[in-house]
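Trainee: Hi! Could you walk me through this one?
Mentor: Happy to, let's look at it together.

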There are 2 protein chains.
Amino acid sequence: MNEQPEKIFEDLTRFFENRKFADLRIALLDMEPADIAAFMEQELGETERLMFFRLLPKELASDVFSEFDADTQENLIKAFTDKELKAVIDDMFMDDTVDLIEEMPANVVKRILKNSDPENRKQINELLEYPEDSAGSIMTTEYVSFSAKMTVDGAFDKIRRTGLDKETVYTCYVTDGKRKLIGVVTVKKLLLSEKTALVENIMDTGIITALTTDDKEQVAMKFSKYDFLALPVVDREGCLVGIVTVDDAVDVLQEEATEDIQKMAAILPTEKPYLKQSIWSIYRARIPWLLLLMISATFTSLILSSYEHRLAAIASGATLYAFVPMLMDTAGNAGSQSSVTVIRALALGEISFRDLFKILWKEMRVAVLLAFSVAAVCFAKLLLIDRLYNEVTVTIALIVSGVLMLTIIMAKFVGCLLPLFAKKLKLDPAVVASPFITTIVDALALIVYCSIAIAILA
Amino acid sequence: MNEQPEKIFEDLTRFFENRKFADLRIALLDMEPADIAAFMEQELGETERLMFFRLLPKELASDVFSEFDADTQENLIKAFTDKELKAVIDDMFMDDTVDLIEEMPANVVKRILKNSDPENRKQINELLEYPEDSAGSIMTTEYVSFSAKMTVDGAFDKIRRTGLDKETVYTCYVTDGKRKLIGVVTVKKLLLSEKTALVENIMDTGIITALTTDDKEQVAMKFSKYDFLALPVVDREGCLVGIVTVDDAVDVLQEEATEDIQKMAAILPTEKPYLKQSIWSIYRARIPWLLLLMISATFTSLILSSYEHRLAAIASGATLYAFVPMLMDTAGNAGSQSSVTVIRALALGEISFRDLFKILWKEMRVAVLLAFSVAAVCFAKLLLIDRLYNEVTVTIALIVSGVLMLTIIMAKFVGCLLPLFAKKLKLDPAVVASPFITTIVDALALIVYCSIAIAILA
């Protein structure tokens, strides 16, 4: 799958069509589940896909199944016999089963639960109860646990006995009789210790944990901070209830970045990949902000109208109008530079509300530098370029570039404060701050521009 | 460090100030290197920091050192004796050493290289030659390798002998006599196999690799696609030269998301955390786009001016002006919704240029739906709200909402195509498409608005 995916996809198709199933299985064993799933979704029709799935080596089947889109999963489940469904579900990791159930319609969920082991069903139901976006909702219950008095040799025996079905064996957890988490030990540590050493003597007790109710983004950030491979999740009593593995943390980080990007672009966050989204779901994600911002632009119309007569009375009123878009766009850009910087730094945990004055002081100095530079260039541009097609006097050039300077500073002021206060009020900074910045800053820029122009020219 | 970081920081300070070094070392052994580094940077002055560093348990020192900011690292190195420096450098992972060297001034680099083992120095110099942003620049050379004829027992012996200094032992690499990569075997697989089995019989040969010259973002994306813990990096001859571990891949994914967010907000990408950036570096990152976009707004001024006389001749000319900001903002929002969606989907590998028609077809249907809804609401708003403060006739309301409908469709058209063509031309979609969308769409909206208004009303 490395150099030429097309070539391997062609091989698979040929083996499959010519019923060379032995060759097919050999080729499949060398492939990653994600690539097999991609092949089956891209190259095969629904009936072929079910036939192909039945040919998959048993140890690969549930891994491949976990990689499918929800639609493919649903269609396959509907075509599965109860026995097939049970085999796949029993072999899947608990967190993947929960993800699957969350995507399926009620009748399919019923069939999945009916075909799970009673023990698994209980765990699935518990996992389903954790709030969306919580650590509990992304954790899995397949971890290796030791008791403190085990020897290193005993620990390895337990890994050999139970490891095949665990999501990771590399970080193992030490619990007491009441399932309370008391230590963590890695396989590396086990390998480098004497075989007769006791687990309690080599385990690490300074454990970083997550609560089941912690926000999944906070949990994922711990992976990027501490370079963990897995993180234990405990309940309020400190009992171990599951683990989050680094692959799920990576997915959460990517999703959160995508969501923040969407919010900054005035889109409601969506979870599905773009090509899988229906027209209506894209529409629903985009229409609210588009409408809201269109309506809130009433303020700018109102401001322009209220100055209208006084501007019209000035000889150069029409000339002044010509620079409104430039002023508003520059103010918007200046504001979103600051707000986006602050929003991202908040998301990465680089800053918090108590850095308010440090941030404001920094932004204001940058704002002054930027305002002077942009205003100076604008002044020159007005007298060199815009004068060619418009009646730009030195007074007008001074007014326009002076107002530009003021609005850049105002925009940066609003742009850095708004996300910080949103965070403080436990609102989402990306939602509150980003799309609104333009509306607020536009209105401010217009008021300043019109009143200064009238005061000087009228 | 889990529940109360402040409490632990206080403990550390108390132990340190009261010279209770035994207690201090016990507390430190329970902490993560990232937290110790945070404590030392936040709570200690420069002299204290050096004293504190000398108290760190030897096995923690280089891990903590790797977590410091470049400034702290530079100051410490300047204060280190040659022996101290050598101890830290010898113990650091190769990729961290290379990161360090890339941040340090020339004289410090010289001292680092002088105090490295000749073998390490050779490797460092090789790693330094890989292009920035390549897989070679983020890989490390500390991996475990086996020969094919080793037994499982022999493999474990090798891990026990050499594992302590390896960045990961969980994925091991099988090479032939010429260092050519021929297989991968995980510790899990080793643990679950017979002790006398040969590595060549249990290794996985369908290996996904990266080339030293591959883009580091592409490499990081493979981690999120395949859920790897490590990825081998080979040269053009297929010889194993290093590995990338998942923690570095996570950092790359986070950095790339931050860079894309910055580019979308008209900021040049920066690498340092916000609070560590100087006023000048923030200024330099923001001024180019702010100036460029201010100057390119000349187009909108030019368009407005060129229609000026004809608009002024219309009785309701001033009323028409009042809706220019609303039209432009809505067009800008509609355009950036599409461009940002496409840019992110490109970055996540969900779409590529060959999906052009699929995307365009999808976006155009969404655009029509959005355009109708927004225009309908706008029409109602004009006659219900804006009429209260402005002379809005039904004709004007029809013109404004009609033009709004057209500009939303145009904005979505430009917004989805521009990033795709940028990608096709091997330009950065986030840079080319995002900040420019507004300028292009503004100009289009104005031309349509003015010409339609004049055609109907003049």
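**Where the chains meet**

Mentor: The contact (heavy atoms within 4.5 Å) takes 118 residues from chain A and 118 residues from chain B. This is a predicted model, where local features need pLDDT of at least 70, side-chain atom pairs count only at pLDDT 80 or more, and totals for chains, interfaces and linings use all residues. Residues are numbered from 1 along each chain as its sequence is written, chains are lettered from A and ligands numbered from 1 in the order in which they are written, and side-chain values use heavy atoms, with hydrogens and water left out.

Trainee: How much area do chain A and chain B bury between them?
Mentor: About 10,700 Å², with 65% of it on carbon and sulfur atoms. Buried area is the accessible area (1.4 Å probe) that two parts lose on being put together, summed over both.

Trainee: And what rotation superposes chain A on chain B?
Mentor: A rotation of 180° with 0.0 Å of shift along its axis does it, at RMSD 0.1 Å. That is the relation of a two-fold axis. The superposition is by least squares on the C-alpha atoms of residues with pLDDT of at least 70 in both copies.

Trainee: Which surface do the copies meet through?
Mentor: The same one, because 100% of the interface residues of chain A are also interface residues in chain B.

Trainee: How many salt bridges are there across the interface?
Mentor: The rule finds four between chain A and chain B. It asks for a side-chain nitrogen of Lys or Arg within 4 Å of a carboxyl oxygen of Asp or Glu. One salt bridge pairs A:Glu363 with B:Arg286, whose closest N and O atoms are 2.9 Å apart. Over all chains, the count comes to 40.

Trainee: What does A:Lys7 pair with?
Mentor: A:Lys7 forms a salt bridge with A:Asp11, at 3.0 Å between the closest N and O atoms. Both lie in helix α1 (residues 5–17) of chain A, four residues apart, about one turn of the helix. Helices here are DSSP runs (H or I, at least four residues), numbered from the N terminus.

Trainee: New topic: at what angle do α8(B) and α10(B) cross?
Mentor: Roughly 65°, and the axes of α8 (residues 94–103) and α10 (residues 118–128) of chain B come within 10 Å. Axes are lines fitted to C-alpha atoms over the stretch in contact, and angles run from 0 to 180 degrees between N-to-C directions.

Trainee: Which residues make that contact?
Mentor: Among them are B:Val98 and B:Ile101 of α8(B), and B:Ile124 and B:Leu127 of α10(B).

Methods: Helices (H or I, at least four residues) and strands (E, at least two) are DSSP runs, numbered from the N terminus.
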